[in-house]
Amino acid sequence: MSGNRLDRTHVESLSAWVFDRIRTHGDIVDADVLYFSSENHTLSLRDCEPEENTYGVSAGIGIRTIGPGGRQGVAYGNDFSRDAVSELIEWSRKNCLAAEPEEDIFLYAGPIDDDATSLEQYDERIDAGIEQSERMRACLEMTETARERDARVASVRAASWSDGVGESFYASTQGFSGWRLATSASCGVAVVVNDGDSYELGSYGKSERFAGDLDWHEYARLAVDRTTRILGGNPLPTGRYSVLFDPEISASIVDEIGELFCASDVHKGRSMMKGKLGESVAGSVVTIVDDARLPRRMGSVTFDGEGVPTGRTTLIERGVARNYLYNLQYAARDGVRSTGSASRGLAGLPDVGTSNLVLTPGSESRESLIRGVKNGFMVYELMGLHTLNPVSGDFSLGAKGVRIENGRAGGAVSGVTIAGNLLDLLKKIASVADDLEFFGATGAPTLLVEDITVAGN
């Protein structure tokens, strides 16, 4: 794959040339450059027949200029000729001078940390090029495993594999420059199961930095098992239940929580965590961290979108809100240091984002939590989480799963709604299991939440 990326020396010299040109304009104070390139292969089968087989290459450069009063302008493109980049400089400059002034806009001028070796983000096997026959073999084996797992599998709607490599470079007029290189591979299965009376569609898959960390046979088995568990589900009687969230569902909830700690949203009044630092916001068993330094994890980087070194930030500690996530601008506004949480694309200004979000696991097994539930519901599918109101925390979500009675799993459940408030839900988390799993850049175990309203029949 690496033969299609621009030579690093060329990118570095182009960035230096950009800064030289910008310095000739007396109305620009500072500037930075972001370069990104990627190559990706995707293969997907539908019941053993090819449905998608793509290869894509992309590369681009974004130029941000900073003018007097904190004005900012951005321009981006994918033509790396000097004439085209010169036009980008002029567009960025014009956008900058036409923008509204902002406070606390400046560039990072600290030490560089671009040694990503310890983070294990690069798989030579992926970069060297995985053979198409290997992708096909994985997809066929996922299909076969899913079909053999249960006779009720009516269709393997998708058995997919993708792999790729991405490289980025950041440099600024303050002298910072650094490279990031990372690979990724993912695979998964979507199945349709049918028991003669009802159908159910379900899926399971994972993304990893190293192709060898993927276990496609296990993902196929889990796709079938999770889907057959909720096949032919019936509503629960409306009432209050002990609700268990499967790790994949827990991870999706943690994603929503992490966004609430981004300082940009807090300052803009778009987060229910505004003013909550030092307060109890969750059960005492809940600790959530944002950690960009975890080896082999999808959100790990040594420096953020502004060049600031990354690290580990505790968001919730034993139920108490402890810290927000910051980029340079919002850290200056609050009189604190950046947490290295600046996120940025080629076409946008720096914002605040998460890296690896982790809900710290507990010491009890998942089975132990289930055994302790007398009247409950294990959730395997939660629909509409994106509709959660980040300011009020209110939500109303469709759910599917399995009935839990007197410590035993029962029949399938569907057609129910879990409604309430996120802050209330967090405070009712009574136990955290030890079965931590990562889904993308988020890790979470099984959660037990007590006294939750479930609307059914």
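What volume does the second largest pocket have? In this predicted model, where local features need pLDDT of at least 70, side-chain atom pairs count only at pLDDT 80 or more, and totals for chains, interfaces and linings use all residues, the second largest pocket has a volume of about 240 Å³. Residues are numbered from 1 along each chain as its sequence is written, and side-chain values use heavy atoms, with hydrogens and water left out. A pocket here is an open set of points on a 1 Å grid over the protein atoms alone where a 1.4 Å probe fits, with protein on both sides within 12 Å along at least five of seven lines; lining residues have an atom within 4 Å of a point. Volume is the space filled by probe spheres set on the points, which are joined across faces, edges and corners.

Fifteen residues line this second pocket, with L201, G202, S203, Y380 and E381 nearest its centre. Strand β6 gives the most to the lining, six residues (strands are DSSP E runs of at least two residues, and helices H or I runs of at least four, numbered from the N terminus).

The largest pocket has a volume of about 710 Å³. Its lining counts 41 residues, and S168, R180, R209, S300 and V301 lie nearest the centre. Elements giving two or more residues to that lining include β1 (30–46) and β4 (153–172).

Strands β1 and β4 also meet in an open antiparallel sheet of six strands, ordered β3-β2-β1-β4-β5-β6; two strands pair if DSSP finds at least two bridges between them. Between β1 and β4 there are 14 bridges, and S37 has E167 of β4 as its bridge partner.
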